[in-house]
Amino acid sequence: MKVKVVCRKMYNYVQYDLKEIPFPSSLPDPAHIKRRRKLTWHERFLVLKEASRLYAASWVRDIGPDLRPNDYKKDDVTEGKSNGNKSRSTETEPSTLEDIAIAARGGMETLRPALQRLYMTRASAYRDALKSFIEGYQEGIQQDMEKNEDSSKHSKKAILIKVQLNG
């Protein structure tokens, strides 16, 4: 008899209690919480598809009305009130990063000129800065040379005066 009781207790321990040690179960939901129904495989696929589309669109700075039409309905209502501010913001040039991103979508044929423009603008700014540094450095050297010449002339005059006084 004792063996059967011990075996049954071990069996119950392994079946019910042992799995609670590595995988503890959470507390049950309160009575006022209603459980949602499980989604079908088709609904899960649609949710994943929509989430993927929105995630991919989030990499673009302005995702546009076709991806989030509800957000742009609010803008259309406020657009009538602030037409002046809206027109100013649309006339600005795209930034360098936006320009390169747009060119990258077009392939290598459109990316190459955009990268060349970027290189030339950066190179010209660097070249101008380097020229102004060299000019300033040369002016500093000339001023230092003039000071050395003036001091050497003064020292020569002082030596001549001493020689004349002593002589």
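Select Ile141 first: isoleucine 141 lies in helix H6, residues 108–166. Helices here are DSSP runs of H or I with at least four residues, strands are E runs of at least two, and both are numbered from the N terminus. This is a predicted model, where local features need pLDDT of at least 70, side-chain atom pairs count only at pLDDT 80 or more, and totals for chains, interfaces and linings use all residues. Residues are numbered from 1 along each chain as its sequence is written, and side-chain values use heavy atoms, without hydrogens or water.

Isoleucine 141 counts as partly exposed because its relative accessibility is 39%. The classes are buried (under 20% relative accessible area), exposed (over 50%) and partly exposed in between, with a 1.4 Å probe and protein chains only.

**Widen the selection**

Together with Ile141, they make a nonpolar surface patch of about 760 Å². Patch members have over 30% relative accessible area and no salt bridge; nonpolar side chains (Val, Leu, Ile, Met, Phe, Trp, Tyr) are joined within 5 Å, like charges within 9 Å. Areas come from the Shrake-Rupley method with a 1.4 Å probe; for residues, only the protein chains shown count as cover.

**Stay on H6**

Keep Phe133 and Tyr137. The whole structure holds one aromatic pair. Phenylalanine 133 and tyrosine 137 form that pair, stacked at 6.1 Å centre to centre with 25° between the planes. Rings of Phe, Tyr and Trp (its six-membered ring) pair with centres within 6.5 Å; planes under 30 degrees apart are stacked, over 60 edge-to-face, the rest tilted. The two residues are four apart in helix H6, about one turn. Both phenylalanine 133 and tyrosine 137 are exposed.

**Jump to the salt bridges**

How many salt bridges does a search of the whole structure find? Two. The criterion is a side-chain nitrogen of Lys or Arg within 4 Å of a carboxyl oxygen of Asp or Glu.

- Select Arg37 and Glu43: their side chains meet at 2.9 Å, N to O. Arginine 37 is exposed at 56%, while glutamate 43 is partly exposed at 25%.
- Select Glu50 and Arg53: this bridge is 2.6 Å, N to O. Glutamate 50 is partly exposed at 37%, and arginine 53 is partly exposed at 32%.

**A charge over a ring**

Select Trp41 and Arg44. The charged end of arginine 44 sits over the ring of tryptophan 41, 4.7 Å from the ring centre. The test asks for NZ of Lys or CZ of Arg within 6 Å of the centre and within 35 degrees of the ring normal.

**Zoom out**

The protein chain has six helices and zero strands. Of its 167 residues, 4% are buried.
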